[in-house]
Amino acid sequence: MARISNSELLRRYRNKLEHSQRWRREERSDDLWGRMIDLYRGKHHQTDTREDQLLVNIAFSTINIIVPSVAVSHPKITVNARRPEDADRAIVTEAIVNYWWRHYDCQKEFRRAVKDMMVVGHGWLKTGYRYVEEERVAEQNYNDSDEVAGLEPESKAESNLIIKEDRPFVERVSPFDVYVDPDATSVEDMRWIAQRIRRPLEEVKKDKRYNSTARMEASPSHYTKWGMESMRPRRSSAPEDAYVEIWEWYDIERGTISVFCDGSDKFLVNPTEIPFAFGHPFVMLRNYDIPEYFYPMGELEAIEPLQHELNETRTQMMNHRKRYSRKWLYKESAFDADGRSALESDEDNVMVPVISEDGIGNVVAPMPAVINPPEFYNQSDLISNDINRVSGVTEYQQGAMPEIRRTATEAAIVQDASNARASDKLAIIERGIAECGRRLVMLAQQYMTGEQAVRIIGSEASPLWLTFDRDYIQGEFDYEVEAGSTTPLNESFRRQRALQIVDAMAPFAATGMVDMGRLALYVLQYGFGVKQAEGFIQQAPQMPEMGGGMPGGMPGGMPGMTGGITPGMGAAEQPPTGGLAMPSNIPPEILNQLLASGAPLPATQLPNEQIM
């Protein structure tokens, strides 16, 4: 098969991109996403009129009930080794990836993508590696003797390269800026994916990473909509307002990445092999999948007509109340000027003179008013109930008391039914976090240079710092998110759960199978939120060495000994670990601290007597 030239390949990419853009236009996907965003932010009325228009933004409250219930807390990512020799590295990798998630603000970007998923129907995350160097000039001493020696003034300073960033990252990408294969029905069967990046024209022309000819031929795709040049054609004389659409194209079939822009028939970056071990860098969060359609539904698409009907109903109710005013019919000749003034007065207990000899009933009478039926005012509640039924949000999730009193059992049944949909959302969130964590580690395994430091929060009273390089995290791992770790913490439920664990473990405490110190730490830290719970725990006294015992004064028959690593032991003194291989570059005290923080060894790596 003949090799395709770059110009022909670029032409094909542009045609495929045009097909994807036409597909989205005909399906009105961008219009739909824009309407959903307007629905969330409260821009519901499409026309401006002089009449009052009421808006009850239930769409806003629906999103802000669901999102915090599934993605409010930092996740607890667990890492499990796929091979026995990687078991100890999995413990270190777990501490590192959880530290990265907090320290590099991955949660902030992930929550933005979750908001996209709920409002629009899907969210995009992009993973990559960021390496930034900065050249700094270090001043040196320069005196008269140097000048006599004939040194040049440039010798006063020397340049040093300072590494500012050397880390993996996760960032949210706008759903409007990601284009995919229009023939795909899921992420797994798409043949290409592209990201649109808008950059100022001046920056593109100065970027030396791009092909010199292609960047000089780049032409503006649009102008800023806030500048004076926004309505000018492409031949505008204001280049500072011009932007270029850069297309980052990932050809999944060929396994290549390329970059191109408008105005040039050459690639800014010629097609090269995708450098990432996991393929293209995009992670998609999908809400409600629709069979045979690539883009899923969001939370607001199903309640959009009900939201507009609720706004219209409440507007009609408001206008009816404004039109309702009491009118009186009176015989004009029965009142003089003073009588009419007194009749129209708002003051209380006013005497109204009547000059007519007719009876009062024939002089003044109320004008009949048309009263709307009471059922008209019940329409608002009916529509609100329909919205709650479609969205699955109950009054318990809204923090409101139901109008119908229910028993605790009935309330639990209602709450469990609503939790089923929230559990589905939570599973999507946890899978997305696990996938991002997997890619962060794989990127560090591939690109990290030198050594870095990470804080190990095994003991909150005295956190440890681990200096590591990419050899520490080499291996094959499975990534999961601890169930419910991203949901908001209920204080009363958490305390009750901790106390229930104590009650459940009480029968085993007398047998020596339970580490009471760690159990007490768990109850204080997770049950009652005590930050420095170690201060409450009294350390057990050192036991004297016994014949035939294990190193460190622990007798070989001590109940509860699971083959952990005792601080201070040398590599030759470590107790058996059932085939656990520890690399020599991981300090024993660091690994022991990680184990004490609650990271269990895989069941297959425990001694035989510990496997249940």
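Visitor: Which strand gives the most residues to the lining of the second largest pocket?

Guide: That's S2, with six residues. Strands here are DSSP runs of E with at least two residues, helices are runs of H or I with at least four, and both are numbered from the N terminus. Bear in mind that this is a predicted model, where local features need pLDDT of at least 70, side-chain atom pairs count only at pLDDT 80 or more, and totals for chains, interfaces and linings use all residues. Residues are numbered from 1 along each chain as its sequence is written, and side-chain values use heavy atoms, leaving out hydrogens and water.

Visitor: What makes a residue part of the lining, and which ones lie nearest the centre of the second largest pocket?

Guide: A pocket, on a 1 Å grid over the protein atoms alone, is an open set of points with protein on both sides within 12 Å along at least five of seven lines, and lining residues have an atom within 4 Å of a point. The second largest pocket has 23 lining residues, with Lys126, Tyr129, Arg209, Glu248 and Tyr250 nearest its centre.

Visitor: Why is Val523 called buried?

Guide: Buried means under 20% relative accessible area, exposed means over 50%, and partly exposed is in between (1.4 Å probe, protein chains only). Val523 comes in at 11%, so it counts as buried. You'll find Val523 in helix H15, residues 516-527.

Visitor: And why is Arg28 called exposed?

Guide: Its relative accessible area is 60%, so Arg28 is exposed. Arg28 sits in the loop between helix H1 (6-27) and H2. Arg28 also has a positive phi of about 55 degrees, although it isn't a glycine.

Visitor: What makes Asp105 partly exposed?

Guide: A relative accessible area of 42%, which is why Asp105 gets that label. Asp105 is in the loop between helix H4 (87-103) and helix H5 (106-119).

Visitor: How do you know what span to expect for H2?

Guide: The expected span is 1.5 Å times one less than the number of residues. H2 (residues 29-41) has 13 residues, and its 19 Å from first C-alpha to last is close to the expected 18 Å. Its buried residues are Ser29, Leu32, Trp33, Met36, Leu39 and Tyr40. They cover an arc of only 120 degrees around the axis (taken from the directions from the helix axis to the C-beta atoms), so they're on the same side of H2.

Visitor: What makes S1 and S15 a pair?

Guide: Two strands pair if DSSP finds at least two bridges between them. S1 (residues 77-81) and S15 have five, in the antiparallel sense.

Notes:
1 Å grid on protein atoms, 1.4 Å probe; cavity = no way out; pocket = protein on both sides within 12 Å on 5 of 7 lines; lining within 4 Å.
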